[in-house]
Amino acid sequence: MGTGSQISRRGKYVIASIAAVVMTVALASCVVGGDKKTDAASVVEDFVNALNNRDIDAAAALTSYPNAARASIAQMFDGLDAKSTDFDVAQVMDLGNDSAFFTLDAAWNFGEGKDWTYQSQGEVRDLSVGWRLSWDPAVIVPGLGNGRTVSYTRTDAAPPKVVDAGGTLLMNEQTINAITLDPATMPDPVDTTTRLAKVIEPVAPLVTSESMLADLAANPGKPVTAVLLRDPDYAYLESDFAIPGVVVVKTPKLIASDRRIGSPLLDPLRTVWQANRDATAGWAVNLVDSGGVPTKQAGVQGPPGPDVAATLDSHTQLAAIEAVVSAGTPAAIVAIRPSDGAILAAAQNNQAIEQGPIAFTGLRPAGGALDLVRLAASIQNGVDPRAVSPEQLTGTAQQLGLGNGFNIPGLDQQTAVFASDRPGSNQSVSNILASNKTVNTGDPQVTPFGMAMLAASIARGSAPTPMIVFGQPATTDVAASPLPADVNNRLRDSMRGAGGLVGYPDLMAAGAASGDDRWFFGSRGDLAFAVLVADADGNDRAQQMTEKLFQELAKPADK
């Protein structure tokens, strides 16, 4: 008896005949002439095409048990959630007039370098309704069925830490316990919130029954979070949370190890940390039994990512926090190290926090804050300061780190917006509107970060490249040359002794006003800073805050 085969991808098959000999089955094959398909081959081809089109209903309808097939196929696609899926027919072999055996090749891709391939097999029978695949979940994934499901999961090694500029632990992943109110399981909201407020009072005295009831009223029928507790606080109170309607949701989160440290830099550092984790993440495909026990089918374990070396200096940050809380109106401080562009601190008081991360994105009318830039532009262009054009002002500002379009990994920021239409001038109506201030878009706008960059540029003699993580400096849309040395020296001379603070002989600083806003910016040694007090109730509020900053910096750092 002659034998032969025909093998190809998608739509071409090996078709063979199998004859029964005595009481044993001997496989024999014969060539099916040309491209003609048997009915068995056609139904397998249609099944594969339906899978590749993710047409679950069409694929299930080609099986002997559509309802069960539909559930298994849907679970496979949902559980694996792949970027691409490719099923192919490897072979179809006739087993007689009413049955056939087939083999499928499957290839799943979950991202670059994350591929899972396997082969599965099954049987096709000629039933009263026509040819159908004899349904078995193993047809689509070997081992599927009998209570087992399939899933793709990300795998991570131990989470990296974030350390500060001195190498001290700044942030690490900890379990956060969200104490949540679920109205669906709360028969008496007043009783529940009253009892919960009493339980959490030692750690969250500002969360009251009234505040929780207000949150519930503002979100009718929806769960609301009453308070977030670190594990030590939760452990202290845990036995008291058996209150109707109170649900505890545990979630890992990267948080500051020192409760005193809060900063608009923390969320950007979380972004960098997450990118670190994503770059080193592993993956796994598991078959999971009814008890939740996984059996790995494919994948690799991700290696530990390196710790994130933040530029934030804890001692400077704590000093800045102590300084900003001395103001009763929105206030912010940004500190930069001129020598390398490391952003050492960024602090806002509660009034400023309500407006968002204004230290980096809060554009304010510049007013007199750009007088030094205007002076430098007038010297360079040989014109009176009052005659400096918008284009001349913009060009000089870029030499001093304002409006350069910095792109800092993890940090959404802006330095300034100018009226002139120059490349890299960072003009953006949305950013102006986001500054929470009604402004004339024809006037220059600056942020505290921008003013700190100005101070750092004058101290350094050229604009530093800012960064919030060592080894990840900013890129810039505009590469501006530094000011001529003689011009920069004129600016330094004008800042010596002109800041209104006494007792700091190494201080170069300048104060400025813009409406009710007060600015104070400058440098001492390798520390440049900018202080903003918005809607200030006195002309010297920014100077007072700066003096508080210096007083706190002079105290010994915590060990």
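**Helices, strands and a buried serine**

Q: What span should helix H7 have at 1.5 Å a residue?
A: This is a predicted model. Helix H7 takes in residues 266-280, which is 15 residues.

Q: Which strands are included in what covers the buried residues of H7?
A: The buried residues of H7 include Leu266, Leu269, Val272, Trp273 and Asn276. Pro268, Arg270, Arg277 and Thr280 of H7 are buried too. Their cover includes strands E7 (149-155), E8 (162-163), E9 (169-181), E11 (246-256), E12 (282-288) and E14 (308-309).

Q: Are helices H4 and H5 parallel or oblique to each other?
A: Helix H4 spans residues 189-200, and helix H5 spans residues 209-218. Their axes are 8 Å apart, at an angle of about 135°. Angles over 145 degrees would count as roughly antiparallel, and 65 to 115 as roughly perpendicular. The angle of H4 and H5 therefore makes the pair oblique.

Q: Which residues of H5 make the contact with H4?
A: The crossing of the two helices is right-handed. From H4, the contact uses Pro189, Val190, Thr193, Thr194, Leu196 and Ala197. From H5, it uses Ser209, Met212, Leu213 and Leu216.

Q: Which are the edge strands of the open sheet of 3 strands?
A: The sheet has the order E17-E20-E19, with antiparallel pairing. An edge strand here pairs on one side only. That describes E17 (364-365) and E19 (416-417).

Q: What is the bridge partner of Arg364 in E20?
A: Strand E20 covers residues 445-446 and runs antiparallel to E17. The two strands are joined by 2 bridges. In E20, Arg364 is partnered by Val446.

Q: Is Ser523 buried or exposed?
A: Ser523 sits in strand E23, residues 517-524. Leaving aside neighbours within four places in sequence, its contacts are Ala459, Asp506, Leu507, Met508, Ala528 and Phe529. The cut-off is under 20% relative accessible area. At 4% relative accessibility, Ser523 therefore counts as buried.

Q: What percentage of the contacts with a separation of 6 or more joins residues 24 or more positions apart?
A: The protein has 16 helices and 24 strands. Of its 559 residues, 48% are buried. Among contacts with a separation of 6 or more, the share from residues 24 or more positions apart is 65%.

Technical notes:
Residues are numbered from 1 along each chain as its sequence is written. This is a predicted model: local features need pLDDT of at least 70, side-chain atom pairs count only at pLDDT 80 or more; totals for chains, interfaces and linings use all residues. Side-chain values use heavy atoms; hydrogens and water are left out. Two strands pair if DSSP finds at least two bridges between them. Helices (H or I, at least four residues) and strands (E, at least two) are DSSP runs, numbered from the N terminus. The expected span of a helix is 1.5 Å times one less than its number of residues. Buried means under 20% relative accessible area, exposed over 50%, partly exposed in between (1.4 Å probe, protein chains only). Contact means heavy atoms within 4.5 Å. Axes are lines fitted to C-alpha atoms, for helices over the stretch in contact, and angles run from 0 to 180 degrees between N-to-C directions. Angles under 35 degrees count as roughly parallel, over 145 as roughly antiparallel, 65 to 115 as roughly perpendicular and the rest as oblique. A crossing is left-handed if the near helix is turned anticlockwise from the far one by less than a right angle, and right-handed if clockwise.
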